Amino acid sequence: MAQIALIETKPTSTNFDKYFEFEFDRFALCSDSSVKKVLKKDVDLELNPDDYDWLILVGAEAFKQYTRKTSITEYNGKIIDEKFLALMNPAIIKFKPEAKKSFEDAVESISGYVSGELKIEKLSEDKCYGIQDKETAMAFLQKAIDHPLPYIALDSETSALYCRDGYMLGFSMSYEPDHGIYCDADVIDEDVEAKMQELFNKKTVVFHNAKFDLQWFIYHFNFEFPNFEDTMLMHYMFDENPGTHGLKQLAMKHTPYGDYEKPLEDWGIEYRRKHGILKEAFSYDLIPFDVMKDYAAMDAVVTFALYQKMRPAVEKNSRLLWVYENILLEGCNFLRQVENNGVPFHRERLEFAQGVMQEDIEKAVAELYEFPEVRQFEAAQGKDFNPNSTVQLRSLLFDYINLAPTGKKTGTGAHSTDAEVLGQLADEHAVPKHILEIRQKNKIKTTYLDKIIPNLDRDSRLRTGFNLHGTTSGRLSSSGKLNMQQLPRDNPTVKGCIKANKGHKIVSMDLTTAEVYVAAVLAKDVGLQEVFKGGGNFHSTIAKQVFKLPCDVEQVDELYTAKRQQAKAVTFGIMYGAGPAKISWQVTKDSGSEFSMHDASRVIADYFQSFPNLKKWLDECGAFIKSNAFIYSEFGRKRRLPNAKSKDKGIASHEVRSGINFLVQSVASDINLLGAIDMQKYINRNGMNSKIFGLVHDSILAEVPDDEMELYCSNLKTFVQKDRGFSIPNCPVGCDFEIGDDYSFGKWDKFYK
């Protein structure tokens, strides 16, 4: 009979007997249940893991203690080192009801391992091996070509994250179940390359994170892929939560191969320790072929297995299938080109701004120490004031300057000194205003200027990442060398360094009030649609109609500024599910004058009286979400909302608001993306030199030659405004164009000259 130990972080009253039918010994890392956070020094459990066949590790601390791994969510219900079984703490279900299914699945999985029903499979050497000679490679490729299945799985191993920064180490491939190889890239000569292209022409090539692999295969070998698919994007159709799409995660969850990479990870840890290499400095080119081959080959085996499971599942849902094929796969190909185009930075401007910013920071810091309150602090404390120390800053603001705390607290319960707090306190004293300016300038310099310059390619363009799977709504995210979604909006420094080459212009196309437009269409609210049909200033028109203002729309902004601000806050607040409290706060903040919850409630009521179908649609969508805990967008994306059924009313209402916001935000984002995809296809077909280099929020950014300007702008507008099944008749969604030498559109010159 198997000997089993269950180890918690500290003693609890949880009844684990109701989850498991087998017998087990129960332990706790720390015997003192009064300890709030168990640290290494608190661990007093003396237990030899070799005395047990299985150790069930409950919670992150116990899991880390025995496996050296930190993400129990990733390993929940899985086996590590053929002995340890991870289990999230069931107490988390009280705070996160959506975790219930994951916990139940983990219990079932653990029971399966203990009973022997579940086992980790390891492929034999004749099923999973490496290739380092041309003859074997050619024979394998021919077998893949001749195999009756119409698809293969392909993966790349590389020396860097970006194809211009390194070289390909090798590729892994699988053309039938439980069979894969890893081939050294040095084997690829003209004959092998031709045979690979023959294979790619005949078969659908399946990747996991296709955009990454396509960049490498196309840039280094100029391969073409007439038909490709992506298991990562397929999984996104079934679970839209970010951080759940990794190949290793899915292998553990959906295949019998478990954490097959762990021995390779352990090898890397030992190698770094032995050679004194930091984790961020370690790359795969340091791993010998004989060490790499088995695990690299398994990447293709797992991708193949995932495809065989996921493709039929996607095909069963016509809405998800349409999104996958028409938005995600098309978007993958489009974003590969966008990333390859690169963001056109002006190196001299970057270096100039870097120097000026450093001078400004040094000057501002020197001025800070001249404030009498800072000198008083230093005299009392007997040390220099450090503006980066939250403890010292808190003391300076609240003990020496005697400012009243805003009420915002940190996670530990202390008074916050974040940017929002400093912004509020800046109205009362010059010191917080000064510190806020120093922080903002330092962030621009260190987060952007200092990092952009060394990451520029030889053509002065920066190639970063855009992601289709990084948000629950379907909006694009950005990561890598530069997060394009987080460029500073109010300071033109970074945007001004994105500058067109001679004979070109930067063009930004922005959708105007797109989410409200989408809501007007989906709600079939004639009154709200008429606002769009009427043209003019949208928020002024709304204010005039809701408040029945006795003036022309053009006069609203001047004569009834507060009313316009209120109408604007309600419009956007409704799209994000805001209630009277939130809208009261927003209008008060934006206008600088008190706007009570009573006033907000009255304005919301007036708003819905003007647009009753909008109210009806919002209520119907909310009821559907509460009842079903999911909802589909008009394009077919599915948003799963398990917390809509939470017993906690606050959690449930927040989940419903998220679902309603998804309905408008997702569609607006997809309208923009589909328009950009169509424009890129037009550019390719017609041999244009225009380069789309980013999608930032609701903007499409491009560097356009002067002689293509009219052609580019007119066609982009046509593609974005194309009726895709939900448009206001004779009134397409609005498109605003800005054209200039740089992305700041003149603000750089005003700022620095």
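Visitor: Which residues does M709 touch, not counting residues up to four places away in sequence?

Guide: In this predicted model, M709 touches K505, V507, V704 and I739 once residues up to four places away in sequence are set aside. A contact here means heavy atoms within 4.5 Å.

Visitor: Where is M709 found, and is it buried or exposed?

Guide: M709 is found in helix α28, which covers residues 709-720. A residue is called buried when its relative accessible area is under 20%. M709 has 13% relative accessibility and therefore counts as buried.

Visitor: Let us turn to whole helices. How many residues of helix α15 are buried?

Guide: As a general idea, an α-helix has 3.6 residues a turn, so residues three or four places apart point the same way. In the present case, helix α15 spans residues 390-400 and is mostly covered, with eight of its 11 residues buried. These are Q392, L393, R394, S395, L396, L397, F398 and Y400.

Visitor: What covers the buried residues of α15?

Guide: The cover includes helices α14 (372-381), α16 (419-425) and α17 (430-452). Just after α15, the backbone of N402 takes a positive phi of about 65°.

Visitor: Which other residues have a positive phi, and where do they lie?

Guide: Phi of N222 is near 60°, a positive value in a residue other than glycine. N222 lies in the loop between α7 (210-221) and β11 (228-230), and at 61% relative accessibility N222 counts as exposed. Phi of N730 is likewise positive, near 60°, and N730 is not a glycine. The loop that holds N730 runs between α28 and β21 (734-740). N730 is exposed, with a relative accessible area of 84%.

Visitor: How many salt bridges does a search of the whole structure find?

Guide: The search finds 38 salt bridges. The criterion is a side-chain nitrogen of Lys or Arg within 4 Å of a carboxyl oxygen of Asp or Glu. One of them pairs K41 with D42, where the closest N and O atoms are 3.3 Å apart. K41 counts as exposed at 68% relative accessibility, whereas D42 counts as buried at 16%.

Visitor: What does the salt bridge between R349 and D749 tie together?

Guide: In this bridge the closest N and O atoms are 3.9 Å apart. R349 lies in helix α13 (residues 347-368) and D749 in helix α29 (residues 747-752), so the pair ties together parts that are 400 residues apart in sequence. R349 is buried, with a relative accessible area of 12%, and D749 counts as partly exposed at 32%. Salt bridges may also share partners: K69, E74, K248 and E265 are joined in this way into one network.

Visitor: How many helices and strands does the protein have, and why is it described as compact?

Guide: The secondary structure comes to 29 helices and 21 strands. The radius of gyration is 29 Å, close to the 27 Å that the globule rule gives for 753 residues, so the protein is as compact as a globular protein of that length. Along its principal axes, the C-alpha trace spans about 80 × 70 × 55 Å. Buried residues make up 52% of the 753 residues. Among contacts between residues at least 6 apart in sequence, 64% join residues at least 24 apart.

Visitor: What may be said of the surface and the charges?

Guide: The protein exposes about 35,900 Å², of which carbon and sulfur atoms supply 48%. There are 93 positive and 110 negative side chains, and the centres of the two sets lie 4 Å apart.

How values were computed: Residues numbered from 1 in each chain as written. Heavy atoms only, no water. Helix = DSSP H or I, 4+ residues; strand = E, 2+ residues; numbered from the N terminus. Rg over C-alpha atoms; globule rule 2.2 N^0.38 Å. Buried < 20%, exposed > 50% of the residue type's maximum accessible area, 1.4 Å probe, protein only. Areas by Shrake-Rupley, 256 points an atom, 1.4 Å probe, with all protein chains shown as cover. Lys, Arg positive; Asp, Glu negative; His and termini not counted. Charge placed at Lys NZ, Arg CZ, Asp CG, Glu CD.
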